[in-house]
Amino acid sequence: MKTTETTAPVPAESGMPVTKIDVPAKKPGKEKKEGGVLNVFSHGVLVIWAFMVAMPLLWAVMTSFKDDASIFGSPWSLPDTLHFSNWSRAWTEANMSDYFLNTILVVGGSLIGTLVLGSMAAYVLARFDFPGNRFIYFLFIGGMSFPIMLALVPLFYVVNNMGLLNTIHGLILVYIAYSLPFTVFFLTAFFRTLPTSVAEAAFVDGASHTRTFFQIMLPMAKPGLISVGIFNFLGQWNQYMLPTVLNTDPDKRVLTQGLVQLAVSQGYKGDWSGLFAGLVMAMLPVLAAYIVFQRQVVAGLTAGALK
């Protein structure tokens, strides 16, 4: 074993002899080798996981440009010619344009309402101490554990009695109520990580609670708002159970209902190429939103986890 000699520091005026101590030298290659094996294993797992996630998406995009015969005859081969007519047929004949417009109205309105109401409730629960604070907070958490399937029948009668059945604004209100528990839970933890000195300085300068929240605290919570907004957008965009029960009007169907209608509209002769084209149409906005706000989502999750 290789050794290195180290000299213990001794004051010069002491006159004591200098003692040399043999210390075993570390092998730099050993730690590097162990870290390299771990990195290769972790990167290999990530590559396999990325392949498992990306392959179905790429296959769906590839299949959307094939005809029905090629889909069943050679499902894994590249299309010989790009059939853009699948997309135009799904967009016009299957009324995907109307479904897209209805979905944008419902998801856009519910997302804005969820973020505004959820951020206000979370800010109050995180910054102010009052009787019942923890009780209200745990009520929101309890809403996350309540299965929506159990509430479909009473929810149908409540919405019907309020005259909101088969309406866009009725579906927006239901989406907001469905998304508020997770939004309040997420943003409450995020608002607790923000510095209180900024809000105190605003109060000293004469700002009201409303102005402090909307002009100071809410912009500081932008990473958290984007993160929870992406999660709510994914859940509301892909929601199928609630619109199926509460929205039976054919003219006000959302995108998930339209995809089901597209699948069964041909009877025993399914329009598979058009169905895959519609599926990719529904997938692209979600994928684009995540790609655009990817860094903000990661920043919001990290800021909410660390204090």
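Modeller: The structure, a predicted model, holds two cavities of 30 Å³ or more (on a 1 Å grid over the protein atoms alone, sets of points where a 1.4 Å probe fits but cannot get out; lining residues have an atom within 4 Å of a point). The volume of the largest cavity is about 40 Å³ (the space filled by probe spheres set on points joined across faces, edges and corners). Its lining consists of Thr103, Val106, Val107, Tyr175, Gln236, Trp237, Gln239, Val254, Leu255 and Thr256. The largest share, three residues, comes from α4.

Helix α10 comprises residues 222–237 and reaches 21 Å from its first C-alpha to its last, close to the expected 22 Å (1.5 Å times one less than the number of residues). Gln236 and Trp237, both in the cavity lining, are among its buried residues (under 20% relative accessible area, 1.4 Å probe, protein chains only). Others include Gly224, Leu225, Ile230 and Phe233.

Helix α10 also supplies at least two residues to the lining of the largest pocket, as do α5 (133–144), α6 (152–161) and α7 (168–193). That pocket (an open set with protein on both sides within 12 Å along at least five of seven lines) contains about 490 Å³ of space. Of its 23 lining residues, Ile148, Ala177, Tyr178, Ser179 and Pro181 lie nearest the centre; α7 gives the most to the lining, with eight.

Residues are numbered from 1 along each chain as its sequence is written. Local features need pLDDT of at least 70 and side-chain atom pairs 80 or more, whereas totals for chains, interfaces and linings use all residues, and side-chain values use heavy atoms, without hydrogens or water.

Notes. Helix = DSSP H or I, 4+ residues; strand = E, 2+ residues; numbered from the N terminus. Buried < 20%, exposed > 50% of the residue type's maximum accessible area, 1.4 Å probe, protein only.
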